[in-house]
Amino acid sequence: MSRRDELRKVQAGRLSAQRAPKATQVKAEKICGLCSNYSEGAFSGEGAGSCRILKVKSDISADPPKYDLESTDGYQTMNLMDAGKCQYYEKMSFVDKDGTECSDPRYRRSMRQMQD
Amino acid sequence: MTAEAARNLESVEDLEKKQQWWWVAEKTRSRRLDYLRKAIWKKGAIGGLYNPGVKVDLEFGLLAMESWNAAQVLADPKVIQFAKHLAHYLDNKTIFITDHAQLVGYVGSLPHTVFWDPTMGEMLNEEIYNDSTAIPEPVEESIKTVAELCDFWAGKTMQSEILPTFDIEDMMKVMSGAVGWGLPMSRTGYSGKDYEYLMTGKRAFQDILDELNQKIEEADYRIHNETPTPEILDLYDKIDCWEAMTIMLEAGMRHAKRYARLARTLAEQFEADSTRREELLLVAETCEQVPAKPPRSLQESLQYDLFIQLFSRTEAVEGAWPSRPDYYHGPYYQKDVNEKKRLTEQAAIDLVGEFLIRAAEVGQYKPRWTKEGLQGIDGTWVWTLGGVNKDGSDACNDLTIAFMKAARQVRVANPTFALRWHPEVRDEVMREAFECIRHGLGYPSIRNDPVLIENAMFWHGHPVEEARTWLHQACMSPAPTTKHGFQPMRMASATANCAKIIEYVFTRGFDKTVNMQMGALTDDPRKFMDFEEVKTAWSAQMESIFGLLVRVVNRGRATAPKTCPRPYLSAISERSVETGMDVCDPSLSRGNAWITGFTWVENADSLAAVKKLVFDDKKYTMDQLCDALEADWEGHEAMRLDFVNNAPKWGNDDDYVDDIMVWCLRDVARFSKEMKCPSGNNWPLLPENVSGNIHYANMVGALPNGRRLGDALYDGGISPGPGLDKKGPTAVLKSCGKINHVEDGRAFLLNQRLSPSQLAGEKGFTMWKAYLKTWADLGLDHVQFNMVSDETLRAAQSDPEKYQEVIVRVAGYSAHFVDISRKTQDNIIQRTVQGIG
């Protein structure tokens, strides 16, 4: 698969997540947004981000999960992605719980679904 | 007795002595302004979230869904379909008139709502669905409505339309958010306006409509009566475009008539107070006149402008509000106040103050990156005052002064002003500007008119008469208001997170935050033998980042007329009315593009530190530096402090680092002339920041200036790092004066903090003028001031309830101090307070 194809796949994943029917969304117990290896992107109000460990060909929703640690580009994922099967999941602790601070995306929870 | 009540018993003189200008304003403004000022909701966000009580407006989405279904049946051409959505909204949206108001119109359906157009993009829709505070009550029911709207528009939005038209790799890099902002759409960004066409009293909507109908008739005749040749092929699209424009203008006029009817009904059937009844009848008369016909009075002129802006905000998400209000409304003030004496000065100030309040209350739901980058405000409404007429004579008038007086009374943080200073500006005008700054508004910023006019001619080839019409298209960027000179849409995507340039020199273009290869694959920095190799890598990374952003925006601009037409903006633009082409068509524009350079100064300070400590003093090797940066300076604290304290820093009149700054800018200027916009014009750099320095703090890794991941970046433009300008204000100005403000870039933001106690009274004004003389003599194009003491800011941090009205200049805009995040507050307090004189 060419790099352009890989990137198209990543973008398609992101777009399909944006287009998923909202009523069916259920939050899993372990989600990427609660993992210390997850980086929220600057655009991530909609819930997108990337993994600092996994690379683009990974698929943590597959059974068994696929882990790519070699490719150039990072694994694009979402706050609410079910990370229950991911062996790299590490629960983070939050500092800014009301979401009014900036620039600490790894330590904030402004999203409704991530409130306590 | 509460502390607040006690304060209200204090005299104006006592409050002035304490420099508690917010209390002074409350005690001295009219009852009307006091009511209206307190009746609005703050629409800026604190960090990622809106203020409590502000809710997203669902009405547009529901009405658009209704009209979409109807439009599908009709199978209209896209541009007409879009115009019909907007018209349907304007015809059916909820309208209201606030008590005491003389000006009417709001972008949403209720005062506490922020407008949401779900046809814009899934990404924004998703964010609203996820929002923890802005869903209107009853929340459970509203979440279902939001979900329904998200589901309905999924796959049908502008975002879905445009994304496949871009190069996949470029788009992934932009969407990572690491180096640039926003989607390159012509419906999100900063819309310029053809004010010379629209605001000179020569025509209004009905005149344009008549012209459009004639154009349609002529084109229709040609299609059906001429011998078929390729000559007539483009007429089909033009007719569609013209027709869409007529739909928008007619809808705008009908919308105003709805307000006229509401005001008349309130006056005749509900209002018991005879004075208010007369006011409501005048509101009705005003809305019957404008926007259909040209305004005849100051009230009509301001109302006309307000309608123009609100309609534009129905069509697009606007991050800015380009305006030159004293210039275009000034003749009406002159007629009403000075000639016909229909208004007293205070009555005019009430109108002007209300105009500021109406603008301040505007709110459109913004994505998180905008909420964080523009904390405390909805967008950068930087209104341009003063300047010169087309013949070069002084354009300041009595309304220039009235606007500044009104601003001190209403104390809104948005809009703010920028004063086009030139040598002929009267002392009276400068005094008003000084008073605004002394009262802690943080505005007006001062712009050097002769320098910026020359700059507009140099970079974009605007003829001098057109260059002299310039206003701020966003916070800093000059743009003419003329037929071919104005820029219909500045897409925010050409906003560069410049600190990434120097970061990527050390990572060979790999971005650890987003885990992908973003920049150029430059040589291994560990093997650099001299500073020239560092500069070469820097240059390659600069070209890589700027090239990416420009490519994407160029593509967006080129495809915009088809993917994101702007029928309303086209209808109020002479070039589109004349040609039948969408206003964003690059062939109609001279081009006025620029790259906004966030987090810029880190480059000069970092390069200077590398040169000094690695190559000149040979205190460290490149290997050691690379290790330290990779570790985010962890385990290298002594070395980090060396890079902070013992390397030259920009802003101290030190040629060592200043020469590096100038080299960087000139290298960019070279590339700026090589890159071209779709209109064939240049892409100069404009370093400034808003609150991007905070937003990007966690996205920029360790830098050689000693900064760690997560530390706030500098406050931007060419402002020295907070607390790093240690040699006084003149040294700062001298450093900045080494930059050629005409040829080295489009404009350069400079933040300065001054002492409010030092600058009190007449002496303070004299000292400030002397400072500005030095600033002008050195040829700087911009400066803006914070004049609020540390004591007040610290008190506001510990007791925010008591200091709700304290305003600060952030960077390119002002905000109420309590409406910005703690990290941003701290960053402002850290800025050096300069003593002058």
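I began with the second largest pocket, which holds about 590 Å³ of space, where a volume is the space filled by probe spheres set on grid points joined across faces, edges and corners. A pocket here is an open set of points on a 1 Å grid over the protein atoms alone, where a 1.4 Å probe fits, with protein on both sides within 12 Å along at least five of seven lines, and its lining residues have an atom within 4 Å of a point.

I noted that this is a predicted model, in which local features need pLDDT of at least 70 and side-chain atom pairs count only at pLDDT 80 or more, while totals for chains, interfaces and linings use all residues. Residues are numbered from 1 along each chain as its sequence is written, chains are lettered from A and ligands numbered from 1 in the order in which they are written, and side-chain values use heavy atoms, with hydrogens and water left out.

**Pockets**

I found 24 residues lining the second largest pocket, with Glu503(B), Lys512(B), Thr513(B), Gly701(B) and Leu709(B) nearest its centre. At least two lining residues each come from β1 (38–40) of chain A and from α23 (499–507) and α28 (622–630) of chain B; helices (H or I, at least four residues) and strands (E, at least two) are DSSP runs, numbered from the N terminus. I sorted this lining into eight nonpolar, six polar and ten charged residues, counting Ala, Val, Leu, Ile, Met, Phe, Trp, Tyr, Cys and Pro as nonpolar, Asp, Glu, Lys and Arg as charged, and the others, Gly among them, as polar.

I then turned to the largest pocket, with about 840 Å³ of space. Its lining has 40 residues, and Gly13(A), Ala17(A), Met78(A), Leu80(A) and Met81(A) are the closest to its centre. The largest share of that lining, six residues, comes from α1(A), and by class the lining has 16 nonpolar, eleven polar and 13 charged residues.

**Aromatic rings**

I counted 37 aromatic pairs over all chains, taking rings of Phe, Tyr and Trp (its six-membered ring) as paired if their centres lie within 6.5 Å, with planes under 30 degrees apart stacked, over 60 edge-to-face and the rest tilted. Phe434(B) and Trp768(B) make a tilted pair, 5.2 Å centre to centre with 45 degrees between the planes. The two lie 334 residues apart, Phe434(B) in helix α20 and Trp768(B) in helix α33 of chain B, and both are buried (under 20% relative accessible area, with exposed over 50% and partly exposed in between, for a 1.4 Å probe and protein chains only).

I also looked at Trp381(B), which belongs to one aromatic cluster with residues including Trp321(B) and Tyr443(B), and the charged end of Arg313(B) sits over the ring of Trp381(B), 4.8 Å from its centre (NZ of Lys or CZ of Arg within 6 Å of the ring centre and within 35 degrees of the ring normal).

**Salt bridges**

I found 70 salt bridges over all chains, each a side-chain nitrogen of Lys or Arg within 4 Å of a carboxyl oxygen of Asp or Glu. Lys738(B) bridges to Asp653(B), with the closest N and O atoms 2.8 Å apart, and the partners stand 85 residues apart in two loops of chain B. Arg670(B) and Asp667(B) meet at 3.0 Å, N to O, three residues apart in helix α30 of chain B; Arg670(B) is partly exposed at 31%, whereas Asp667(B) is buried at 10%.
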